[in-house]
Amino acid sequence: AYSENYKDVGYLAAFAGVDPKRIDEAIKVVRDEMLLVTRDGEITQIELDKAKEYLKGHFILDLEDTRSVAGHYATDLLLENEMRNPDEVIAQIDAVTLTDVMAAAKKYIKPEQLILLSGSATEKMKSELSWNDFNEFTTLEECFKKSLEIAKSSKVRIVFSPGAKSFEKFKNEFDRGEQFNSLVKNLLAN
């Protein structure tokens, strides 16, 4: 799993390299694991302590060169409007409690979240996920237009980025990126 954070939105995602014959099983396992963390008692203090130590170690190792240090301060300034030194960041990580983690998990990991699907794995994902609010699209343009409509008509913010190769629809990842950029420019210009 991984996450991305922006000024007003973010996302938590998971990916796996699996045998195509076992994709159904992989989707179900990832879904179930994501939902599991929302249940009281599923995350233990020992697991939280290990996660915090991992996060702190990774953070410190990321600051081993001047470019990374500059990136840390720039990101902090852009996203948080402050510049925390590494000791402050580590203190904030240390301050996280199980209650904090559970509150965040219950707030952001919900089975009823809206899912927008496009691509060859759509049918498999629909059959494995218990979420009811699906929109299915055959093209990237249809998916993007619906995302834009939802974002304009509600308080929901959507981070839209094609996350898979989708070679059945694009020549390669560069072609996908060029088509995505063109689509965004054209739709936002209208």
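Mentor: Let us begin with K56, which is buried, at a relative accessible area of 12%. Please keep in mind that this is a predicted model.

Trainee: Which residue does the side chain of K56 meet in a salt bridge?

Mentor: The partner is E53, with 2.9 Å from N to O. Both residues belong to helix α2, and they sit three residues apart, about one turn of the helix.

Trainee: Which residues make up the network of salt bridges that includes K56?

Mentor: The network links E53, K56 and D94. In general, side chains of opposite charge can pair when their charged atoms come close.

Trainee: How many salt bridges does the structure hold?

Mentor: There are four. One of them joins D40 and K106, whose side chains meet at 2.8 Å, N to O.

Trainee: Where do D40 and K106 lie?

Mentor: D40 is in the loop between α1 (23–36) and α2 (45–62), while K106 is in helix α5 (residues 98–108). The pair therefore ties together parts that are 66 residues apart in sequence.

Trainee: And is D40 buried or exposed?

Mentor: D40 counts as exposed, because its relative accessibility is 58% and the cut-off for that class is over 50%. K106 is partly exposed, with a relative accessible area of 39%.

Trainee: What about D76: with which residue does it form a salt bridge?

Mentor: D76 pairs with R84, and the closest N and O atoms are 2.5 Å apart. Both D76 and R84 are buried.

Trainee: Changing topic to the surface, which residues gather in a patch of negative charge?

Mentor: That patch consists of E80, E82, D87 and E88. E80 belongs to helix α3 (residues 66–80), and it counts as partly exposed at 45% relative accessibility.

Trainee: Could you describe the overall fold? How many helices and strands are there?

Mentor: The chain has eight helices and four strands. Read along the sequence, their pattern is β-β-α-α-α-α-α-β-α-β-α-α.

Trainee: What share of the chain is buried?

Mentor: Buried residues account for 22% of the 190 residues. F144 lies in helix α7 (residues 140–153).

Trainee: How far is the C-alpha atom of F144 from that of L187?

Mentor: The two C-alpha atoms are separated by 8.8 Å, and the residues are 43 apart along the chain.

Trainee: Before I rely on any of this, what is the mean pLDDT of the chain?

Mentor: The mean is 77, and 70% of the residues reach 70 or more.

Trainee: Where is confidence lowest, and where is it highest?

Mentor: Confidence is lowest in strand β3 (residues 115–118), with a mean of 52. It is highest in helix α4 (residues 86–95), at 95. Where pLDDT is low, the predicted coordinates should not be read in detail.

Notes:
Residues numbered from 1 in each chain as written. Predicted model: local features only at pLDDT ≥ 70, side-chain atom pairs only at ≥ 80, totals over all residues. Heavy atoms only, no water. Patch = residues over 30% accessible without salt bridge, like charges linked within 9 Å, V, L, I, M, F, W, Y side chains within 5 Å. Areas by Shrake-Rupley, 256 points an atom, 1.4 Å probe, with all protein chains shown as cover. Lys, Arg positive; Asp, Glu negative; His and termini not counted. Charge placed at Lys NZ, Arg CZ, Asp CG, Glu CD. Helix = DSSP H or I, 4+ residues; strand = E, 2+ residues; numbered from the N terminus. Buried < 20%, exposed > 50% of the residue type's maximum accessible area, 1.4 Å probe, protein only. pLDDT = per-residue confidence, 0-100.
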